[in-house]
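Have the sequence and the 3D view open as you read.

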Amino acid sequence: MPLTTTEQELSSSRGTTSGLRLTLICLLSLILMVLDHQNQHLVKIREALSVVVYPVQAVINAPFALGRWADENFSTRSRLIDENHGLHQEVLMQGARLQRMIALEAENVRLRALLDSTAKVADRVLIAEIVSVDMNPFRHTILINKGGRDGVYVGQALIDAAGIVGQITRGQPFAAEAMLVTDADHALPVEIARNQLRTIAMGTGDIDRLALPFLPRNADVQAGDLLVSSGLGRAFPAGYPVGTIVDIRSKTGQPFLEVDAEPSAALNRIREVLLIWRDADVQDALPDGEAATIATEKGQ
Amino acid sequence: MSHKPVVWPVWVVMITAISLEVVPLPGFMQPLRPPWAAIAVIYWTMMWPRRFGLGAAWIVGITLDVLHGTLLGENAIALSIVAYLTLRFHLQIRIFPMWQLTMTVFALLAINAFVQFWIDGVAGVSAAGIGRWTQVMIGAILWPPLMALMDRVRVQIQTRGSAFI
């Protein structure tokens, strides 16, 4: 099949018009990028576009969803019985722990009343499924199947059964993008459960590693220490597990320790996550002075 | 004999390429994912410069930006620049022998990756790693078979188009 190369084609593709068009397109893209980088300006446009591309994501997710459905529907009787047994035992164990929790929670409320500080309120949660779509390969982002319609908001915390997963970075009507705690741009206020030592856990870009770069050399840390969220940045609720410290390196001449932690949540295996709503009224009603006193109490 | 070939199969190819960009892969395969959309844009701009040009490349880029969650315009500007260069030199590139063509595609894919790398740097997105550059390599290696595949699509469209007249 011969390729047609007409006079017109030559003039349209090699003339000045295409150079002009490239300049215009580059200008438009630059304006878009600047506006998008400053956030909030393009939220509506992005939402509209995300609805347009949602079918692509749904189609890609479909075979994986079908696979899971088939896995659930065609599993053997004995496997189901085994799973059922396991779940029964787990419910029993969790029930036993919960009984103790109820007593502890009541005690906690009483003690907090004595200290005249705000009682921690139970968080509202919603289960969301992860859409089987790869986002930007250089970032740790996921797409979940709950969005603005379900009340999901930007900055909302995500957890799984084992610990904190990440936070919502961009809402769409039917879905939401979330950044994992291991993303290189993510930071999370944490405290060591053993001694309430507060610090910041930074993502590293490695799916199984968090870094704690701000611990002084004389800080009381040990391998195996559990990190829990401190709730100080107000983005994450306090007291959820974040990770376990696995490695502490002290280099001569450096003011800070190099501490690595392993995230508690199974970040590369999760299929379902929990979205947490915090009681916004309580948070907003809390005056700044009081928030500070709670923080210092914790620090002691 | 003049005829107007149908255009929709090109968009089917494009949507397939865009979908392949977000199909889930296990973590270690991530750096081996070829830049499908950029390859498709280069091919169709080179072969059909009158029907597939800058505007189309920009639309493909914006779609990728929305799907990847990158800055709106990042992939769009990179793909537009690649499409412009392809358009500018398509008459030369077309008659290159395969190895030379593959090298050219390698250069174009590298430009695509570099523009994104640069924008990420300016925007303060910390995206380290060698994955970006291995993707360029894989893209160039896969160019000959992918070109053969898309050649078949194009020949199908053109022969069918003439049969309809």
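Predicted model: local features only at pLDDT ≥ 70, side-chain atom pairs only at ≥ 80, totals over all residues.

**Helix pairs**

| Pair | Axes come within | Crossing angle |
|---|---|---|
| H1(B) and H3(B) | 10 Å | roughly 30 degrees |
| H2(B) and H6(B) | 10 Å | roughly 125 degrees |
| H3(B) and H4(B) | 7 Å | roughly 150 degrees |

Start with H1 (residues 8–22) and H3 (residues 54–68) of chain B, whose axes cross at roughly 30 degrees. Angles under 35 degrees count as roughly parallel, so H1(B) is roughly parallel to H3(B). Their crossing is right-handed. On the H1(B) side, the contact uses Trp11(B), Met14(B), Ile18(B), Glu21(B) and Val22(B); facing them in H3(B) are Ala56(B), Val60(B), Thr63(B), Leu64(B), Leu67(B) and His68(B). Sorted by class, the residues of this contact come out as eight nonpolar, two polar and one charged.

H3(B) also packs against H4(B), and here the axes come within 7 Å and cross at roughly 150 degrees. With the cut-off for roughly antiparallel set at over 145 degrees, that makes H3(B) roughly antiparallel to H4(B). This crossing is right-handed too. From H3(B), the residues taking part include Leu54(B), Trp58(B), Ile62(B) and Asp65(B), and among their partners in H4(B) are Glu74(B), Asn75(B), Leu79(B) and Tyr84(B). In the contact of H3(B) with H4(B) there are ten nonpolar, four polar and two charged residues. Val60(B), Leu64(B) and His68(B) take part in the contact with H1(B) and turn up again in the contact with H4(B).

The remaining pair is H2(B) with H6(B), crossing at roughly 125 degrees, which makes H2(B) oblique to H6(B). The crossing of H2(B) and H6(B) is right-handed. Ala38(B), Ile39(B), Ile42(B) and Met46(B) of H2(B) meet Leu101(B), Val105(B), Leu108(B), Leu109(B) and Asn112(B) of H6(B). No charged residue takes part in the contact of H2(B) with H6(B), which has eight nonpolar residues and one polar.

**The cavity**

H6(B) gives the largest share, five residues. By class, the lining holds eleven nonpolar, seven polar and five charged residues.

**The second largest pocket**

The second largest pocket has a volume of about 1,200 Å³. Of its 41 lining residues, Asp134(A), His140(A), Ile207(A), Gly27(B) and Gln30(B) are closest to the centre. Helix H3 (43–73) and strand E2 (141–144) of chain A, together with H7 of chain B, are the elements giving two or more residues to that lining. The lining of this pocket splits into 21 nonpolar, 13 polar and seven charged residues.

Key:
Residues numbered from 1 in each chain as written. Chains lettered and ligands numbered in written order. Heavy atoms only, no water. Axes fitted to C-alpha atoms, helices over the stretch in contact; angles between N-to-C directions. Helix = DSSP H or I, 4+ residues; strand = E, 2+ residues; numbered from the N terminus. Parallel < 35°, antiparallel > 145°, perpendicular 65-115°, else oblique. Left-handed = near helix turned anticlockwise from the far one by under 90°. Contact = heavy atoms within 4.5 Å. Nonpolar A, V, L, I, M, F, W, Y, C, P; charged D, E, K, R; others polar. 1 Å grid on protein atoms, 1.4 Å probe; cavity = no way out; pocket = protein on both sides within 12 Å on 5 of 7 lines; lining within 4 Å. Points joined across faces, edges and corners; volume = space filled by probe spheres on them.
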